[in-house]
Amino acid sequence: MTSPRQSCHERVIAAAAALPLAVTGVIAAVAPPAAAASTVSVSVDAALQLATVPDTGIGIGIGINTAVFDPAMNDSATPGLLRDAGIGAVRYPGGSHSDVYHWQTGTASGGAYVAPDTGFDAFMGTVHAAGAQPIITVNYGSGTPQEAADWVRYANLTKGFGIKYWEVGNEVYGNGEYSNGTGWEYDTHSSKSAMTYATNPVQYVDAMKAVDPGIKVGAVLTTPGGWPEGVVGPGDTMDWNHTVLSIAGSKVDFVIVHTSCRVVYNKNEWPGGVIGTVTVVNNGLGQVNGWDLGFNFAGDNAITSSWNATVKQSGPGINAGNVSYNAAVPQGGSVQWGFKATWSGSDANPSAFWFNGASCAIG
């Protein structure tokens, strides 16, 4: 592995071993006296490749995130839609739900909603019918290395699915470590620090590869250029990425980087009714051209009308998509839409949001 003093981008490249060019010669002169000039010569052969970044490593345009709260996940039309869209990789069980979902029982910690007929076997039927490759995110937030190892055993030994790519947790850095205990990612570990996450994936990798040594297991990094990259949490000596790579980098096979976003949820409430506005800030690395925001009402809200978005509701689940005039959201830009809803028992705020499949910070 590389030195912890290297930049995040250098360390990601080293961990993934995926840079498509190689430095073929580096010649550095012995340091002369201070008064003399030193010379460094670097030769780069762009035709010599160490490795090629696989399509599965680049989610934009070729991959998609599914979610067990989506009742349409395994509809009969879904495989054909995936094929027509050119989707080659499908991720399961979906964003922040990965850190609450227990694959053996098809249930979720914390009372999170799981739609009917979204279990693992049904998902695999859809993926195979679509001719796509599954990417599985095991439960770090409320699961164990043993639960993850049992999933590998069932998937690859019992069922013979041959799933190659596995991730340890979703956006674990969103567990409240960098926001005074308030975050969007479920995490029952007593410590939420980068050091804790850096240490635990090693146990996951050992348990999972003891079952199937041929799998590839990845760990979660923060997005370069987005919050909270570079932030050092309480009790840590380095930021999230340097901490994770310094401890788990030699054990994991790849790293996971998501684009980032932030949601501001405001409402004007009265007995039985509410008007809400939802603002999404694009903190990612580029412009978004077409967007979808998903969340679950924590109360019994029922949307009656909306503006600046096309909104669909299924039980507590909401999916809001762009309209023709607000599909493009530049890096650092935002989009706002609103709704009117009724409620009777509770109008509690949603606890998590997903923007194009990636979890968003709130506030």
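Visitor: Which residues of the largest nonpolar core touch the most other members?

Guide: This is a predicted model, in which local features need pLDDT of at least 70 and side-chain atom pairs count only at pLDDT 80 or more, while totals for chains, interfaces and linings use all residues. Residues are numbered from 1 along each chain as its sequence is written, and side-chain values use heavy atoms, with hydrogens and water left out. A nonpolar core is a set of buried Ala, Val, Leu, Ile, Met, Phe, Trp, Tyr and Cys residues joined through side-chain atoms within 4.5 Å, where buried means under 20% relative accessible area, exposed over 50%, and partly exposed in between (1.4 Å probe, protein chains only). In the largest core, of 54 residues, those that touch the most other members are Tyr92, Phe120, Phe123, Trp151, Trp166, Tyr197 and Met208.

Visitor: Which helix gives the largest share of this core?

Guide: Helices (H or I, at least four residues) and strands (E, at least two) are DSSP runs, numbered from the N terminus. The largest share amounts to seven residues, and its source is helix 5 (residues 194-211).

Visitor: With which residues is Tyr197 in contact, leaving aside its neighbours within four places in sequence?

Guide: Contact means heavy atoms within 4.5 Å. With those neighbours set aside, the partners of Tyr197 are Tyr140, Val168, Val172, Ala219, Val220, Trp240 and Val244.

Visitor: How many aromatic pairs does the count give?

Guide: Rings of Phe, Tyr and Trp (its six-membered ring) pair if their centres lie within 6.5 Å; planes under 30 degrees apart count as stacked, over 60 as edge-to-face and the rest as tilted. Under this rule, the number of aromatic pairs is 25.

Visitor: What is the angle between the planes of Tyr92 and Phe123?

Guide: Tyr92 is in strand 4 (residues 89-92) and Phe123 in helix 3 (residues 120-130), so their pairing ties together parts 31 residues apart in sequence. Both residues, Tyr92 and Phe123, are buried. Their rings form a stacked pair, 4.3 Å centre to centre, and the angle between the planes is 20°.

Visitor: Why is the pair of Tyr165 and Phe254 edge-to-face?

Guide: Tyr165 in strand 8 (residues 165-168) and Phe254 in strand 10 (residues 254-256) link distant parts of the chain, 89 residues apart. Tyr165 is buried at 14% relative accessibility, and Phe254 is buried at 17%. The ring centres are 5.8 Å apart, and the pair is edge-to-face because the planes stand at 75°.

Visitor: How far apart are the closest N and O atoms of Asp206 and Lys251?

Guide: A salt bridge is a side-chain nitrogen of Lys or Arg within 4 Å of a carboxyl oxygen of Asp or Glu. Asp206, in helix 5, and Lys251, in the loop between helix 6 (240-248) and strand 10, are 45 residues apart. Asp206 is partly exposed at 40% relative accessible area, as is Lys251 at 31%. In the salt bridge of Asp206 with Lys251, the closest N and O atoms are 2.7 Å apart.

Visitor: Which residues do salt bridges that share partners join into one network?

Guide: Lys267 forms a salt bridge with Glu269, with closest N and O atoms 3.8 Å apart. Lys267 also forms a salt bridge with Asp347, at 3.4 Å. Asp347 counts as buried at 5% relative accessibility, whereas Lys267 is partly exposed at 33%. Through shared partners, the network joins Lys267, Glu269 and Asp347.
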